[in-house]
Amino acid sequence: MITPFIDQTSIQAFAWSLIHFLWQGAVLGLIAFMVLRLPRLRATTRYLAGVGTLLAMLVSPIATFLYLDRSVSEPAGAGFVEMGEVPGTSSVTALRTESAVELRAPAIADAPLPAVIRPSTGPFVILALWLSGVVLLSLRLLGGWIVARRLITRAVRPVSPEIHSLVRRVAGRLALDRVVRVFESSAVAVPVMVGWIKPVVLLPAAALSGLTPTQVEALIAHELAHIRRHDYLIN
């Protein structure tokens, strides 16, 4: 049971944050869709709009959780004053009231909680469903990463000296100071960029033979631009 390790109020705040993100994410996605549909929008602006939307989707549930958790965690009796501070109340009255509370405390503690204030199982169900989705999607991403890494070692061969020289020239124009390995591969149908720490660009062997040098340069520039903008890490 997860209850002894996580505060009930935090679980409720987290569950409500996930529920609120349903409309928050929809609004952010709609805004991004409208921005990207604007005419004559530069590619850099489209890229920043997409990354900004993803960042906002990450921040919004965190901010909602912090707000809800603080609101729920506030003590219920923070606005009350002590009996001794009430004008016109004598110390004897305060003492009697305090004694009455002490006498009734055991009875209240032993009484079963009403259904209204018992911990609800709803937040736990929402949390369990969310965690299940996280695990399944993480396994899917892990499988995709394993397949991508296998592409680097299967059916690859070094590119020709002409293409290798072209890669260096394009990297220089993009101010890319990282070492990028480029291979021809018969296992891919389109150019693929794999990795971030040690990036590798795979060029389809079948397509290279039918492309002009200008088209090959455009393909290489496109893939190196992904590395320049750290797209693999952002994704």
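By class, how many nonpolar, polar and charged residues does the lining of the largest pocket have? The tour starts there.

**Before you select**

This is a predicted model, in which local features need pLDDT of at least 70 and side-chain atom pairs count only at pLDDT 80 or more, while totals for chains, interfaces and linings use all residues. Residues are numbered from 1 along each chain as its sequence is written, and side-chain values use heavy atoms, with hydrogens and water left out.

**Stop 1: the largest pocket**

Select F21, L54, M57, L58 and P61. Of the 14 residues that line the largest pocket, these lie nearest its centre. A pocket is an open set of points on a 1 Å grid over the protein atoms alone, with protein on both sides within 12 Å along at least five of seven lines; lining residues have an atom within 4 Å of a point. The volume is about 410 Å³. Volume here is the space filled by probe spheres set on the points, with grid points joined across faces, edges and corners.

Now colour helix 1 (8-36), helix 2 (43-73) and helix 4 (122-153): each gives two or more residues to this lining. Helices (H or I, at least four residues) and strands (E, at least two) are DSSP runs, numbered from the N terminus. Helix 2 supplies the largest share, seven residues. And the opening question? The lining has 14 nonpolar, no polar and no charged residues. Ala, Val, Leu, Ile, Met, Phe, Trp, Tyr, Cys and Pro count as nonpolar; Asp, Glu, Lys and Arg as charged; the others, Gly among them, as polar.

**Stop 2: helix 1 against helix 4**

Keep helix 1 and helix 4 on screen. Their axes come within 9 Å and cross at roughly 60 degrees. Axes are lines fitted to C-alpha atoms, for helices over the stretch in contact, and angles run from 0 to 180 degrees between N-to-C directions. The two helices are therefore oblique to each other. Under 35 degrees would count as roughly parallel, over 145 as roughly antiparallel, 65 to 115 as roughly perpendicular, and the rest as oblique. The crossing is left-handed: the near helix is turned anticlockwise from the far one by less than a right angle, whereas clockwise would be right-handed.

Select Q8, I11, Q12, F14, A15, L18 and I19 of helix 1, then P123, F124, I126, L127 and W130 of helix 4; these make the contact (heavy atoms within 4.5 Å). They divide into ten nonpolar, two polar and no charged.

**Stop 3: the second largest pocket**

Follow helix 4 onward. Select L141, G144, W145, V147, A148, M193, V194, Y232, L233 and N235, which line the second largest pocket. Its volume is about 250 Å³. Helix 4, strand 3 (192-194) and helix 8 (231-234) each supply at least two lining residues. Helix 4 gives the largest share, five. By class, eight are nonpolar, two polar and none charged.

**Stop 4**

Helix 7 and helix 8 give two or more residues each. A cavity is a set of points where a 1.4 Å probe fits but cannot get out. The volume is about 30 Å³. The lining holds five nonpolar, three polar and two charged residues.

**Stop 5: helix 5 against helix 7**

Finish with helix 5 (residues 161-173) and helix 7 (residues 213-228), whose axes come within 10 Å and cross at roughly 50 degrees. The pair is therefore oblique. This crossing is right-handed.
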